[in-house]
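I opened my notebook to walk through this protein slowly. Here is what I looked up, entry by entry.

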Amino acid sequence: MTHTKIRVSGVSVSYQDRDGQQHVPLQLVNLSVRKGELICLLGPSGCGKTTLLNLMAGFQTPSSGSIEIDGVAVRKPNPRHVTLFQEYGLFPWRTVLDNVLFGLEAQKIARDEALRRAHAILATVGLTDSARRFPRQLSGGMKQRVALARALVVEPDVLFMDEPFAALDTFTRHRLQDEIRTIRQRLGTTVVFVTHDFDEAAYLADRVAVMSINPGRIAEMVEFAPDTTFDRRSRIFEERRIHVFTSVANTFGHAEPTVCKTSSPPQNASPKPALEASFTAS
Ligand SMILES: Nc1ncnc2c1ncn2[C@@H]1O[C@H](COP(=O)(O)OP(=O)(O)OP(=O)(O)O)[C@@H](O)[C@H]1O
Ligand SMILES: [Mg+2]
């Protein structure tokens with residue numbers, strides 16, 4: 001039987017604004033995240049992805065419903081559950097190496113062991129040569145790799161990631177996505193990954209929770225056959241993309257889900273409306 005790592009049961013979040021008007025970003029959300037899986041929360045801006053992530057990570061409490069990790073109610077952030085935000089959150093006064101060492105110092109890991117682990121993870125994210133540099137001396141992609149290294153070095157039990165690669169160029173994003181896949185296979189970390197990028201979800205996820213908006217809900221759940229061998233040029237990836245596009249189309253009622261084909265379109269074919277490859281920010 002599959003072990004449930006995170007259980008979200010009947011969770012709603014509502015706010016009252018100054019005019020007394022009620023807003024319901026999340027309504028009656030149910031979600032089970034299995035131990036060791038990577039689940040993507042996919043949906044347009046404002047559908048409640050960050051809210052749901054913050055609830056699971058313990059930064060926010062629901063208006064109603066409950067959230068458990070390993071059968072224990074989530075009431076506050078847990079050091080074994082690391083959150084990676086979009087805006088890096090690096091300490092500007094610390095070098096790359098010292099940023100990565102931070103979590104290990106907090107855990108009082110012996111200095112030799114901490115250095116060994118920090119250098120190993122910096123090698124994994126390709127930053128060995130930048131260990132002595134400061135964040136201001138790095139590009140955006142390098143900063144995000146430091147943030148990823150800092151999150152992974154403590155070998156978290158659960159990793160919450162909120163659009164961590166959205167601001168990066170495609171080369172860097174693909175590289176970091178590959179690193180996430182490799183590291184997960186090695187460590188078996190449970191990952192909840194927020195994205196509005198269909199391809200990112202199709203490439204990384206074991207399952208994709210497609211969220212609807214106003215109120216935010218999980219409208220569809222896409223489950224892929226377990227496979228870690230495919231790459232971005234493979235038929236499996238294309239099939240995964242079609243699967244995601246179809247679920248998004250079902251959720252939002254777009255006319256026809258389309259996906260890139262390598263064959264040429266027939267002559268004189270009228271162009272079909274294509275879904276955007278990602279939800280654009282409103
Ligand atoms: N403190 C708050 N008070 C009132 N409304 C809030 C508050 N926090 C979030 N919301 C509302 O909840 C909804 C969901 O916000 P959330 O940040 O979770 O969306 P999101 O899916 O992460 O969007 P994005 O893709 O733009 O990051 C939005 O309509 C937002 O305005
Ligand atoms: Mg968000």
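**Entry 1: ground rules.** I call two residues in contact if their C-beta atoms, placed from the backbone, lie within 7 Å. This is a predicted model, so I noted that local features need pLDDT of at least 70, that side-chain atom pairs count only at pLDDT 80 or more, and that totals for chains, interfaces and linings use all residues. Residues are numbered from 1 along each chain as its sequence is written, while chains are lettered from A and ligands numbered from 1 in the order in which they are written.

**Entry 2: one residue and its contacts.** I started with Met211, which sits in strand β9 (residues 207-212). Strands are DSSP runs of E with at least two residues, helices are runs of H or I with at least four, and both are numbered from the N terminus. Is Met211 buried or exposed? A residue is buried if 20 or more other C-beta atoms lie within 10 Å of its own, exposed if 12 or fewer, and partly exposed in between, with C-beta atoms placed from the backbone. Met211 has 24 C-beta neighbours inside 10 Å, so I wrote it down as buried. Leaving aside neighbours within four places in sequence, I found Met211 in contact with residues including Leu41, Leu42, Cys47, Lys49 and Ile218. I also checked Leu26: it is 185 residues from Met211 in sequence, but their C-alpha atoms are 9.9 Å apart in space.

**Entry 3: the whole chain.** I counted seven helices and ten strands in the protein chain. Of its 282 residues, 36% count as buried. Looking at contacts between residues at least 6 apart in sequence, I saw that 67% join residues at least 24 apart.

Entry 4: Strands pair if DSSP finds at least two bridges between them. I traced an open sheet of six strands in the order β6-β7-β8-β3-β9-β10, with mixed pairing. At the edges I found β6 (81-84) and β10 (217-223); each has a single partner strand, so one side of each lacks a neighbour in the sheet. Between neighbouring strands of this sheet the average turn is 15°, direction ignored; the axes are lines fitted to C-alpha atoms, and angles run from 0 to 180 degrees between N-to-C directions. β6 pairs with β7 (residues 158-162) in the parallel sense over four bridges, and His81 stands opposite Val158 in β7.

**Entry 5: the four-stranded sheet.** I found another open sheet, ordered β2-β1-β4-β5, with antiparallel pairing. Here β2 (22-34) and β5 (72-73) are the edge strands, each with a single partner, so one side of each has no neighbour in the sheet. β4 (residues 64-69) meets β5 over two antiparallel bridges, with Ile69 opposite Val72.

**Entry 6: helix α5.** In α5, I marked Gln177, Ile180 and Arg184 as buried. They cover an arc of only 55° around the axis, which puts them on the same side of α5; the arc is that of the directions from the helix axis to the C-beta atoms. The face turned away from the buried side carries the exposed residues Phe171, Thr182, Gln185 and Arg186. Among the elements covering the buried residues of α5 I noted β3 (38-42), β8 (190-195) and α6 (198-204). Just after α5, Gly188 takes a positive phi of about 65°.

**Entry 7: ligand 1.** Which element gives the most to the shell around ligand 1? I found that α1 does, with three residues.
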